[in-house]
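This report is written for a reader new to the structure shown below.

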Number of protein chains: 2
Amino acid sequence: MDLRNSGFKLAPVDTNLFPGGFNNLSAAFMPLAVQAATAAIARICPEAKNLLLVPENHTRNKWYLENVATLAAILRQAGLEVRIGGLHVEEKTEVETATGKKLLLEPLKRDGARLGVEAFDPCAVLVNNDLSAGIPDILKGLDEQVLLPPLHAGWALRRKSAHFAAYDEVAAGFADLLRIDPWLLNPYHAHCGEIDFQARAGEECLASNVSMLLEKIRAKYLEYGIQDAPYVAVKADAGTYGMGVMMVRDAAEVRDLNRRQRNKMAVVKEGLAVTDVIIQEGVHTVERIEDKAAEPVVYMLDRFVIGGFYRVHGARAADENLNAPGMHFVPLAFEQSCTLPDPHANCDAPPNRFYAYGVVARLALAAGGLELERGAPA
Amino acid sequence: MDLRNSGFKLAPVDTNLFPGGFNNLSAAFMPLAVQAATAAIARICPEAKNLLLVPENHTRNKWYLENVATLAAILRQAGLEVRIGGLHVEEKTEVETATGKKLLLEPLKRDGARLGVEAFDPCAVLVNNDLSAGIPDILKGLDEQVLLPPLHAGWALRRKSAHFAAYDEVAAGFADLLRIDPWLLNPYHAHCGEIDFQARAGEECLASNVSMLLEKIRAKYLEYGIQDAPYVAVKADAGTYGMGVMMVRDAAEVRDLNRRQRNKMAVVKEGLAVTDVIIQEGVHTVERIEDKAAEPVVYMLDRFVIGGFYRVHGARAADENLNAPGMHFVPLAFEQSCTLPDPHANCDAPPNRFYAYGVVARLALAAGGLELERGAPA
């Protein structure tokens with residue numbers, strides 16, 4: 001979960017169901033990840049112990065491979081037999097991670113309604129591939145196995161707007177329990193379909209929604225006496241990796257997109273035109289690491305918060321997208337657990353801040369559950 | 001779980017279902033305990049959040065109170081509302097732990113088939129009192145609440161011999177899976193009832209069982225070429241705190257008990273005569289901390305290994321009881337988790353040794369489950 005903490009507001013801004021970056025977590029919390037995996041497996045595969053991991057096809061991104069190695073290590077230490085099946089691997093291939101670990105990628109083998117690799121019939125298939133290029137046939141109809149997450153969690157079918165609609169409900173219920181304004185943990189958002197950036201179609205929907213959101217934010221800022229300048233993020237509704245994101249401070253900006261901006265927004269992945277966008281209230285970040293803007297990222301495994309890190313981005317301002325494609329960011333592992341609040345310390349003291357991050361991340365997780373339940377194919 | 005590691009053998013020697021000493025665990029693994037508690041609560045009290053803790057009546061033992069404070073902190077951080085009910089507390093009493101934490105002990109209040117304290121109706125009652133003085137009426141018949149552990153887990157009803165009979169089965173099944181000799185993780189044991197140490201009744205049963213066990217151990221030592229001197233521990237079958245324990249190297253020793261030895265074995269708690277003993281194969285300890293004999297103690301919460309410590313006892317030899325009443329021992333928290341084995345390191349390297357401790361502790365836990373299931377009142 002990507003979060004933003006503006007001091008007056010703490011909210012999720014992106015929920016990733018196929019997270020990379022497990023290698024960025026503090027090694028000190030590895031036992032927490034292993035225990036969470038153990039609890040999950042007891043429910044998912046109580047009798048079996050074979051799991052197939054299907055990663056992204058980023059075999060040349062050694063840091064991504066490091067993530068795959070870390071994820072596999074967590075699952076192995078939880079007692080599973082883990083093999084790694086590559087979607088585009090023709091024969092057994094050994095690859096090396098950033099720190100020199102060896103990973104064996106094996107060709108997938110389909111057998112009826114089951115997927116495996118040679119001489120390996122898993123109980124569960126864990127996909128670490130966001131499926132933004134579509135759902136490969138080989139993953140369809142695996143009726144005899146547990147497929148995690150379900151296929152409609154991938155960007156081929158998933159929409160950010162559906163996630164944040166579910167989050168509206170979760171945040172409202174939680175705020176009601178605490179008798180606080182749900183806005184304090186929920187960014188406003190709106191949705192525009194039938195966009196065509198190249199043909200400049202849908203600009204009016206975009207501009208009027210941007211206007212409307214900025215107006216609502218301004219009213220809240222006035223209510224709470226906040227001096228910051230309101231802004232919104234315009235994001236591809238099915239985008240990933242921070243692609244297709246634009247920060248806007250005025251509706252006029254989306255009416256006057258230049259060619260470069262239109263190109264940037266039009267396509268998040270080769271051949272995939274952006275037709276739907278979500279317009280989301282921007283949340284400033286007050287977190288600073290060595291004077292650089294930082295954004296907390298919380299990791300969960302099953303229903304457990306297992307840690308997180310700061311995405312630190314020196315070149316970007318507090319109201320910019322810190323998950324910028326191709327740019328350098330520094331992951332800085334949380335030094336403290338997200339599960340040990342200290343009722344005697346002030347509410348912004350590190351253990352309490354990390355705890356709050358974990359709470360909001362769990363709300364977003366609950367929203368993810370609701371979203372997937374509603375979006376499940378009939 | 002108290003374990004012994006002799007290098008050639010790794011076995012549980014005592015399974016405590018009401019452990020004190022949570023305060024001796026490494027603070028670094030607190031998140032692991034909290035997460036385990038969270039998983040347990042989700043099963044036990046999915047809808048409620050009130051828990052009543054009923055500790056021992058050791059209000060003057062400040063280190064025991066420290067344990068109660070730690071246990072309460074774990075449960076609170078897992079999201080529970082925790083109150084502490086004293087079995088012999090007449091009015092609200094604030095006590096101070098060894099490190100100066102304040103604990104509020106409240107008088108128990110019974111309401112039909114429910115137990116609580118004033119204005120507090122818990123979903124579950126967690127007993128941290130081993131009930132060796134008998135089962136208080138106020139704990140009987142709590143049919144509307146979850147009582148943990150069940151009453152027959154207390155020493156009023158529990159017998160070590162039933163536990164180790166269950167462990168025989170678990171260890172045999174596990175050894176079969178691994179195709180190893182179950183003796184490598186299971187101490188021989190035997191049982192004598194109708195003992196009366198003061199009247200010198202039952203000495204013959206004791207002596208013949210000691211003889212028989214020493215003979216069986218000698219045969220195994222021969223089989224594996226072990227040079228150590230065999231010994232057995234004679235323990236009160238319902239004893240606790242390391243009370244009523246005697247180390248024996250020859251059957252003649254139990255035929256010729258002097259008055260002091262008889263007194264020591266006859267009573268483990270005021271007014272409670274020892275009539276049953278378990279005779280258990282002694283397992284030497286090879287663990288040394290600063291040249292002193294050390295015994296690993298593994299802590300579990302629900303089904304999870306959450307850490308442990310070494311009981312280090314300078315004045316005692318490798319084949320003596322390290323859990324000696326009233327004597328000084330040093331708890332030394334495990335610095336490593338018990339859940340991260342390293343398949344590339346040798347089998348005695350710390351991560352693997354700790355992992356093995358966790359595995360054997362979990363076997364003993366499974367035996368505890370079997371024991372309680374079988375011993376449950378009809």
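A residue counts as buried if 20 or more other C-beta atoms lie within 10 Å of its own. By this criterion, strand 3 (residues 50-55) of chain B is mostly covered, with 5 of its 6 residues buried. The model described here is a predicted one.

Strand 3 of chain B pairs with strand 4 (residues 81-86) of chain B in the parallel sense, over 4 bridges. Within this pairing, Leu53(B) stands opposite Ile84(B) of strand 4 of chain B.

## Strand 16 of chain B

Strand 16 (residues 277-281) of chain B is likewise mostly covered: 5 of its 5 residues are buried. In a regular strand the side chains alternate between the two faces of the sheet. In strand 16 of chain B, Val277(B), Ile279(B) and Glu281(B) point one way, while Ile278(B) and Gln280(B) point the other way, and all are buried.

## The open sheet of chain A

In chain A, 4 strands form an open sheet in the order 11-16-12-13, with antiparallel pairing. Strand 11 (189-192) and strand 13 (245-248) of chain A stand at the edges; each has a single partner strand, so one side of each is left without a neighbour in the sheet. Neighbouring strands of this sheet are turned against each other by 20° on average, direction ignored.

Strand 12 (residues 232-236) of chain A pairs with strand 13 of chain A in the antiparallel sense over 4 bridges. Val232(A) has Val248(A), in strand 13 of chain A, as its bridge partner. Helix 3 (residues 160-178) of chain A packs on the sheet and touches strand 11, strand 12 and strand 16 (277-281) of chain A. The direction of helix 3 makes about 40° with that of strand 16 of chain A.

## Domains of chain A

The domain assignment of chain A gives domain 1 (1-17 + 160-186 + 283-378), domain 2 (27-153) and domain 3 (188-282). Between domain 1 and domain 3 of chain A, the C-alpha centres lie 21 Å apart.

## Contact between the chains

Chain A contributes 15 residues to the contact and chain B contributes 15 residues. On the side of chain A that touches chain B, the largest share, 7 residues, comes from helix 1 (residues 30-44) of chain A. The residues on that side of chain A divide into 11 nonpolar, 4 polar and no charged.

## Symmetry

How are the two chains related? Two copies of a chain are related by a rotation about an axis and a shift along it. Here, chain A is superposed on chain B by a rotation of 180° with 0.0 Å of shift along its axis (RMSD 0.0 Å). That is the relation of a two-fold axis.

Of the residues of chain A, Leu32(A) comes closest to the rotation axis, at 2.8 Å (C-alpha). Of the interface residues of chain A, 100% are also interface residues in chain B, so the copies meet through the same surface.

Note on methods. Residues numbered from 1 in each chain as written. Chains lettered and ligands numbered in written order. Predicted model: local features only at pLDDT ≥ 70, side-chain atom pairs only at ≥ 80, totals over all residues. Contact = placed C-beta atoms within 7 Å. Helix = DSSP H or I, 4+ residues; strand = E, 2+ residues; numbered from the N terminus. Nonpolar A, V, L, I, M, F, W, Y, C, P; charged D, E, K, R; others polar. Least-squares fit on C-alpha atoms with pLDDT ≥ 70 in both. Pairing = 2+ DSSP bridges. Axes fitted to C-alpha atoms, helices over the stretch in contact; angles between N-to-C directions. Domains from an automatic or database assignment. Buried ≥ 20, exposed ≤ 12 C-beta atoms within 10 Å, placed from the backbone.
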